[in-house]
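Please read the numbered points alongside the sequence and the model.

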Amino acid sequence: MEKETRVLDEVTIRFAGDSGDGMQLTGGQFTNTSAAMGNDLSTFPDYPAEIRAPIGTTYGVSGFQIHFGTTEINTPGDHCDILVAMNAASLKVNLRSLIDGGIIIVNTDGFGDKNLKLAGYTQSPLADDSLSKFQVFQVDITKLTNLALADLNLNQKVVDKTKNFFALGMMYWMFNRTLDNTIQWITEKFEKKPELIEANTRVMKAGWNYGETTDIFAVKYDVKPAPLKPGKYRNINGNQATALGFVAAAEKSNLPLFLGSYPITPASDILHELSYFKNFGVKTFQCEDEIAGITSAIGAAFGGSLAITTTSGPGVALKTEAIGLAVMTELPLVIVNVQRGGPSTGLPTKTEQADLLQAVYGRNGEAPVPVIASSSPSDCFYGAFEASRIALKYMTPVILLTDGYIANGSEPWLIPEAKDLKEIPVKFRTDPVNYLPYMRDDVTLSREWAIPGTPGLEHRIGGLEKQDKTGNINYEPENHDKMIKLRAEKIERIANDIPLAEVEGDKSGDVLVVGWGGTYGTIKTAVEKKRKEGKSVTHLHLHYINPLPKNVGEILSQYKTILVPEINLGQLIKILREKFLVPAIGLNKVQGLPFRSIEIEQKIDEILGGKK
Amino acid sequence: MSTLVNGVINKSTVPSVKYTAKEFSSDQDVRWCPGCGDYSILAQVQRVMPDLNIPKEKIVFISGIGCSSRFPYYMNTYGFHSIHGRATAIASGLKIARPDLSVWVATGDGDGLSIGGNHMIHILRRNVDVNILMFNNQIYGLTKGQYSPTSEMGKITKSSPFGSVDMPFNPAALALGSGGTFVARSLDRDPKHMQTIIKRAAEHKGTSFVEIYQNCNVFNDGAFFQFTEKETKSDTVVFLEHGKPLVFGKDGDKGIKLDGFSPVVVSLKDGSHSVNDLLVHNETDSTLAFILANMTYNHDLPRPVGIFLAIDRPRYEVEMEKQIDSAISKRGKGALEKLLNSGDTWVIQ
């Protein structure tokens with residue numbers, strides 16, 4: 001029977017199962033295949049916080065969401081249209097993300113008495129009418145997988161591990177995807193275990209055939225390629241992009257890269273990535289604690305490295321004193337904060353934007369630090385590169401803010417040509433004549449970098465207040481005042497060296513939605529939707545928070561209402577109010593989750609009232 | 001190392017001319033209290049420096065916070081006076097990034113063993129080639145006289161008016177327990193001995209931990225006088241010398257022998273023991289080093305001074321460079337273009 005094919009602009013699928021069910025792998029494969037077929041997409045993994053939670057429990061559920069389409073895709077999707085649930089717990093946890101009328105595909109074997117009990121169901125949701133507003137497809141994936149592999153005499157554990165490929169095969173059928181990419185991946189991955197190549201491939205094909213031949217599914221879908229900019233792409237998540245950005249900055253500044261770091265969720269993957277790049281001469285130092293992470297980097301910076309430290313909020317709290325030392329000694333350093341839910345240990349695996357004020361203000365004394373925020377997974381590459389440039393040019397620590405959402409989320413990245421990335425010019429001082437450690441460049445106010453090993457430039461730096469120019473210890477009141485102001489002005493002058501802010505929308509109008517960091521895609525989606533409805537809404541996204549681009553005040557003055565959505569209780573909004581005295585309105589939600597674009601749309605509607 | 005760093009640093013490992021001690025003195029006024037033991041340490045370090053035959057610009061002194069941590073300002077080398085307790089971590093980063101440098105840490109019992117205790121034990125286990133001079137005065141000087149992690153129990157200070165109830169660290173045993181490969185003790189009032197030890201520490205490849213008994217004449221005056229003053233020294237201190245029996249006392253009339261694993265004092269005068277019965281020091285024996293270090297707070301035994309242990313073990317920064325070299329030889333020198341284009345890629349026409 002030829003089945004009906006419906007064409008869709010965009011779809012969001014969520015694969016959910018137990019931690020051991022291979023949902024991340026399944027989602028990853030679906031992503032790579034969809035990317036190769038030309039869809040634009042955005043993904044987000046949802047891992048359990050526990051490393052090996054008991055099987056079948058709700059806290060052991062692992063999910064992977066992919067939003068792909070023919071149109072431009074900027075977020076992993078507010079809701080999912082299709083939920084693949086490998087057991088009862090994964091259905092329970094993820095049902096609230098599914099739209100009304102959405103499709104649920106369940107592995108019925110995951111809904112036995114034990115699974116239902118572990119998930120907290122008193123009776124099976126497949127047996128009552130609790131799922132009546134959804135289209136439910138029940139498939140005994142476990143049994144079908146076993147049947148497909150019956151003649152291979154494989155160990156049962158191996159068989160169980162292939163059942164995610166059955167689900168993947170079904171979804172490939174449902175969305176007209178080719179199996180070729182994944183077959184190639186399986187062949188390479190299990191090069192040395194031919195029986196696994198056979199098993200996984202066979203199960204995936206069985207899933208595809210199941211969709212094609214049984215009567216269960218009447219409809220399949222087609223999501224045509226998106227009009228993406230031509231070029232070579234790869235899928236990248238924020239932590240990978242951050243790591244690559246630093247390697248690129250080290251190459252372009254001709255400096256060795258040094259990372260001092262202590263493992264912390266969700267930043268550890270940057271350490272993992274960089275520790276692999278030994279053939280670039282990258283030195284990664286996994287330290288005894290967060291403080292050693294930054295101070296070892298400061299030592300490396302003193303020695304002439306592009307030095308960085310990577311962490312998350314609690315780690316920044318521990319590094320605070322050392323950031324002040326880098327401010328005082330005027331050494332280049334990048335501190336990456338992959339923000340997570342706080343305060344204290346908070347929600348380590350969840351996202352938040354609540355460390356902005358910590359980044360901008362959170363130090364003892366007047367200790368200004370440039371702050372940059374990346375707006376999407378691939379933008380982390382440019383964030384890391386730009387943070388390095390500013391640190392090296394202005395001899396200052398720079399804080400780069402990302403968050404758990406963009407660090408783990410991924411999107412297609414139009415790979416830049418290495419040769420197109422701008423050089424980062426660095427010049428070490430070598431001339432011993434008239435050398436004073438705290439002499440400054442007239443334009444940037446930056447001091448010179450004189451590294452140990454350079455003859456005739458022996459000098460001492462430290463955390464005590466410096467005498468202007470000489471850098472000797474100095475307690476004079478006027479000198480302290482002068483140095484405080486010099487350090488502040490040095491950072492303010494960076495505003496002359498960064499691009500002006502650009503709005504997406506109109507130069508003036510009713511509502512300006514101002515965002516920063518990982519909310520970019522969500523705000524963009526919401527604003528575009530409202531604009532299509534003919535509403536006067538514009539989006540301004542800030543990549544530079546300190547200093548702000550010079551035209552921000554001018555931009556803000558052009559709109560009747562300013563809306564600042566943040567995943568905190570209102571931090572950027574404080575800065576905007578303080579600097580520009582604007583009566584901005586906040587939209588604040590702190591659930592450890594990204595915004596849904598509908599939430600921003602509703603707020604815009606509320607502001608515009610009845611105005612059409 | 002990048003061509004940019006290589007382009008400016010002196011690649012020579014020896015100075016073009018022999019330095020004098022004076023050339024290691026910076027133009028800054030020394031601001032320690034008159035009579036402080038730190039003056040002696042500074043003088044001995046400056047005296048030893050020319051003998052090390054290292055270009056001045058290759059030498060870096062790093063410190064944390066405390067009286068001892070003013071040290072880098074007074075050395076005419078590169079220097080970094082950092083924040084409390086972190087000198088060893090900064091030094092680790094610098095040495096790992098720049099193995100060509102001679103990196104020194106000046107720290108104290110508070111800076112190095114209290115707030116900086118964590119970094120201290122970890123630099124020792126990693127065996128990063130850094131020379132640590134730990135000025136032990138058994139008191140907090142800069143904050144004006146609180147007990148420190150090496151103050152004796154019962155010590156009356158501003159923060160322990162009824163006597164400290166803190167058990168002190170035995171720094172040598174701590175360093176040995178942390179996997180230290182060079183652990184020694186010297187005295188501020190024995191310049192010759194200190195010079196010998198500092199020189200040996202400098203020559204050691206790996207972390208060198210040198211505890212120096214240093215008199216704080218303002219807040220803890222005389223804490224070590226029994227070990228440093230002529231009248232008592234010979235009976236209270238035993239100098240450890242590799243390959244030599246442990247003899248001490250006026251005219252060498254006493255010695256240390258092992259009774260099981262316990263060191264005991266024996267007389268060489270009453271005919272009961274001869275030098276042949278004594279414990280012979282072996283600075284490459286790590287078990288012996290522990291036994292000797294543990295003599296420290298035993299009031300029946302003389303205080304051991306000298307090199308407890310000096311052994312070779314792989315150094316962190318060397319192993320890291322080896323991994324880098326091996327990765328380059330296996331995978332080729334990293335090419336950015338290739339890296340950016342790694343992983344699954346696809347082309348949109």
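1. G281(A) touches L257(A) and I324(B), leaving aside residues up to four places away in sequence; contact here means heavy atoms within 4.5 Å. The residue G281(A) sits in the loop between helix 10 (268-276) and strand 11 of chain A. Helices (H or I, at least four residues) and strands (E, at least two) are DSSP runs, numbered from the N terminus. Between the C-alpha atoms of G281(A) and I461(A), 180 residues apart along the chain, the separation is 27 Å.

2. The model is predicted: local features need pLDDT of at least 70, side-chain atom pairs count only at pLDDT 80 or more, and totals for chains, interfaces and linings use all residues. Residues are numbered from 1 along each chain as its sequence is written, chains are lettered from A and ligands numbered from 1 in the order in which they are written, and side-chain values use heavy atoms, with hydrogens and water left out.

3. Chain A contains 20 helices and 23 strands. Its C-alpha atoms fill a box of roughly 85 × 65 × 45 Å along the principal axes. For 612 residues a compact globule would have a radius of gyration near 25 Å, and the 27 Å of chain A agrees with this. That radius is taken over C-alpha atoms, and the globule rule is 2.2 Å times the number of residues to the power 0.38.

4. The area buried between the two chains is about 6,200 Å², and carbon and sulfur atoms give 63% of it. Buried area is the accessible area (1.4 Å probe) that two parts lose on being put together, summed over both. In chain A, the residues that lose the most area to chain B are N279(A), K283(A) and R460(A), together 13% of what that side buries.

5. The rule finds two salt bridges across the interface of chain A and chain B, a salt bridge being a side-chain nitrogen of Lys or Arg within 4 Å of a carboxyl oxygen of Asp or Glu. K283(A) forms a salt bridge with E321(B), and the closest N and O atoms are 2.5 Å apart.

6. Strand 17 of chain A and strand 2 (residues 78-81) of chain B run parallel and are joined by three bridges; two strands pair if DSSP finds at least two bridges between them. The bridge partner of R460(A) in strand 2 of chain B is G79(B).

7. Within chain B, three strands form an open antiparallel sheet in the order 8-9-10. Strand 8 (247-248) and strand 10 (262-267) of chain B are the edge strands, each pairing on one side only. Two bridges join strand 8 of chain B to strand 9 (residues 254-259) of chain B in the antiparallel sense, and V247(B) stands opposite G255(B) in strand 9.

8. A cis peptide bond joins G342(A) and P343(A), with omega about -5 degrees; P343(A) lies in the loop between strand 13 (333-339) and helix 13 (356-361) of chain A. Another cis peptide bond joins N546(A) and P547(A), with omega about -10 degrees. N254(A) has a positive phi of about 60 degrees although it is not a glycine, and N254(A) is found in the loop between helix 9 and strand 10 (257-261) of chain A.
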